[in-house]
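The sequence and the structure are shown first.

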Amino acid sequence: MRGASVRQSLASIVLGFESIVMFFAALVIFGLKALPAPAALIGGAVLCLLLIANVALLRFRWGYALGWVLQAVIVAACFLVPSLAIVAAIFIGLWIYCMIKGAQIDRQRAAWRAAQEAEEGQGADGPPAETV
């Protein structure tokens with residue numbers, strides 16, 4: 001991810017950890033028999049794979065939209081096991097924070113780079129240095 005934006009890096013960290021936690025959530029849904037076994041295990045596996053695949057898709061603008069959709073799917077799991085609402089709230093809070101703070105840091109970084117480039121360009125075109 002060298003050269004990736006801070007927003008992309010933070011989002012990939014959240015999605016990676018979220019995939020691990022959702023694996024265990026699928027096992028909880030299976031163990032509590034909130035869904036039939038195939039639906040719980042296959043649905044959980046598909047959700048985990050989508051979360052992991054979305055890490056690679058964050059280089060596209062629509063990858064972030066997919067991330068929001070996956071957050072909504074996780075909220076829907078709260079209807080099966082209400083205690084998952086705590087986990088969902090934590091991860092959605094992390095996701096929102098990463099989207100806001102990552103974008104803010106990226107904007108600041110771009111402004112700093114632009115200022116550095118302007119300073120370098122001004123130094124090259126400026127008056128010649130005096131030699132002694």
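Helix 2 and helix 3 pack with their axes 9 Å apart, at an angle of about 160 degrees. The model is a predicted one. Angles over 145 degrees count as roughly antiparallel, and helix 2 and helix 3 are therefore roughly antiparallel to each other. Their crossing is left-handed. On the side of helix 2, the contact is made by Leu 47, Leu 50, Leu 51, Asn 54 and Leu 57, and on the side of helix 3 by Trp 62, Gly 63, Leu 66, Gly 67, Leu 70, Val 73 and Ile 74. By class, this contact of helix 2 with helix 3 has nine nonpolar and three polar residues, and no charged residues.

Helix 1 also packs against helix 2, at an angle of about 175 degrees and with the axes 9 Å apart. That makes helix 1 roughly antiparallel to helix 2. Among the residues that form the contact are Leu 15, Met 22, Phe 23, Ile 29 and Phe 30 of helix 1, together with Leu 41, Gly 44, Leu 47, Leu 51 and Val 55 of helix 2. The residues of the contact of helix 1 with helix 2 divide into 15 nonpolar, five polar and one charged.

The axes of helix 1 (residues 6-31) and helix 3 (residues 61-77) come within 12 Å and cross at roughly 30 degrees. Helix 1 and helix 3 are therefore roughly parallel to each other, and helix 1 passes helix 3 in a left-handed crossing. Arg 7, Gln 8, Ala 11, Leu 15, Glu 18 and Met 22 in helix 1 meet Tyr 64, Gln 71 and Ile 74 in helix 3. Five nonpolar, two polar and two charged residues make up the contact of helix 1 with helix 3.

| Helix 1 with helix 3 | five residues | two residues | two residues |

Which residues lie nearest the centre of the largest pocket? Of the 13 residues that line this pocket, Ile 29, Gly 43, Gly 44, Leu 47 and Ala 77 lie nearest its centre. The largest pocket has a volume of about 180 Å³. Helix 1, helix 2 (37-57) and helix 3 are the elements that give two or more residues to its lining, and helix 2 gives the most, with five residues. By class, the lining has eleven nonpolar and two polar residues, and no charged residues.

Note on methods. Residues numbered from 1 in each chain as written. Predicted model: local features only at pLDDT ≥ 70, side-chain atom pairs only at ≥ 80, totals over all residues. Heavy atoms only, no water. Axes fitted to C-alpha atoms, helices over the stretch in contact; angles between N-to-C directions. Helix = DSSP H or I, 4+ residues; strand = E, 2+ residues; numbered from the N terminus. Parallel < 35°, antiparallel > 145°, perpendicular 65-115°, else oblique. Left-handed = near helix turned anticlockwise from the far one by under 90°. Contact = heavy atoms within 4.5 Å. Nonpolar A, V, L, I, M, F, W, Y, C, P; charged D, E, K, R; others polar. 1 Å grid on protein atoms, 1.4 Å probe; cavity = no way out; pocket = protein on both sides within 12 Å on 5 of 7 lines; lining within 4 Å. Points joined across faces, edges and corners; volume = space filled by probe spheres on them.
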